[in-house]
Each structure stands twice: as structure tokens, then as C-alpha cells.
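Please open the structure in your viewer and keep the selection tool at hand.

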Amino acid sequence: MDKSCLNEENAVFDCFTADMAFALGTFFYKYAKAHQIDLCADIYANGRTLFHFSTDHCTADKDNWLRRKRNTVLHFAHSTQFMYTKCKGDENLLASKYGCSLHDMTLTPGAFPILVKKVGCIGAVAVSGLKPEEDHQLILKGLETLLGGND
């Protein structure tokens, strides 16, 4: 699968298991170690955290970014990149148009819905540590790998 074609319409799973979350989380962990970057990742599905890690030098604010990114995805069932584009980067629209708290949500790219066929959005994958667009691209690369694309 060409990652340039991966989007919310075709990043859909038949099912999503804890083993799949572990495989995806391990992909992020290995990527962070191989590239010597500080990265945090969170994979949340069916009302629970299935995978979470922070490299040694990540600060607590990264976990807060993960939480806010995840909340945006769970609320809208779209990636934060999608919402960023939809709102033209105006984070104040989260409050004024949608009635959401900026304390709890963000438009910052770096979270993506976990979508299951015939079910819809069951969770979110979030990463923080790179530039926002790079966080988003890393998620796409991980999902591509998990969905059977290139390693």
C-alpha cells in the first residue's frame, strides 16, 4: 500500500485487537529508538489504553498532548489532521463552533482514528514528539505497516 494513498477511508480494520495495538506501538518505539528521537505514543480502543510509552526524555506535557489529540479524534471520529484542515487551523473553532474545551482538545496533527469495518471509530492512535505533520505521517506509516503494507 502506498502511504500517500493511506487515509481515513482506506485505513480500516476488519477488527482491532490488543495484539495489533502492541504491534503498532512497538513500531513507534522502534522508530523512536532507531532515529534517536524523543517520542510518546498512545493507542486507545474500546474504552481503554492498549499501549502507551514515552522515551526517557519526553516530558509530561507530551502526555497531555496525546490526551488532547486523542480526545479530538474520539469526539469527531476524524484525525486531528482532518480537523486541522477543516477548521483551517483555527483552534478557537473547537470552542466557538463545536463547544469543545481547548483544555481537553486540540487541532494539532498527530492522532488518527482506529476504524473498524461495520463498526466505525473505536479508538485513536496518537503520537507526540516530532513536528505535528511528521507525527501524522508517522502514524500513517505505522498503520500502513499494520495493514500489511511496506515494512
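Leaving aside neighbours within four places in sequence, which residues is P113 in contact with? Contact here means heavy atoms within 4.5 Å. Select E8, V73, A77, H78, S79, C121, G123 and A124, which are the contacts of P113. This is a predicted model, in which local features need pLDDT of at least 70 and side-chain atom pairs count only at pLDDT 80 or more, while totals for chains, interfaces and linings use all residues. Residues are numbered from 1 along each chain as its sequence is written, and side-chain values use heavy atoms, with hydrogens and water left out.

P113 is buried, at a relative accessible area of 1%; buried means under 20% relative accessible area (1.4 Å probe, protein chains only).

Next, select strand β4, residues 111–116, which holds P113. Strands (E, at least two residues) and helices (H or I, at least four) are DSSP runs, numbered from the N terminus. A124 in β5 stands opposite P113.

Now display the whole sheet, an open one of five strands in the order β1-β4-β5-β2-β3, with mixed pairing. β1 and β3 stand at the edges with a single partner strand each, so one side of each lacks a neighbour in the sheet.

Finally, select helix α5, residues 132–146. Its buried residues include L138, I139 and L143. The buried residues of α5 pack against several elements, among them α1, α2 and β4. After α5 comes G148, with a positive phi near 100°.

Definitions and conventions: Buried < 20%, exposed > 50% of the residue type's maximum accessible area, 1.4 Å probe, protein only. Expected span 1.5 Å × (residues − 1). Pairing = 2+ DSSP bridges.
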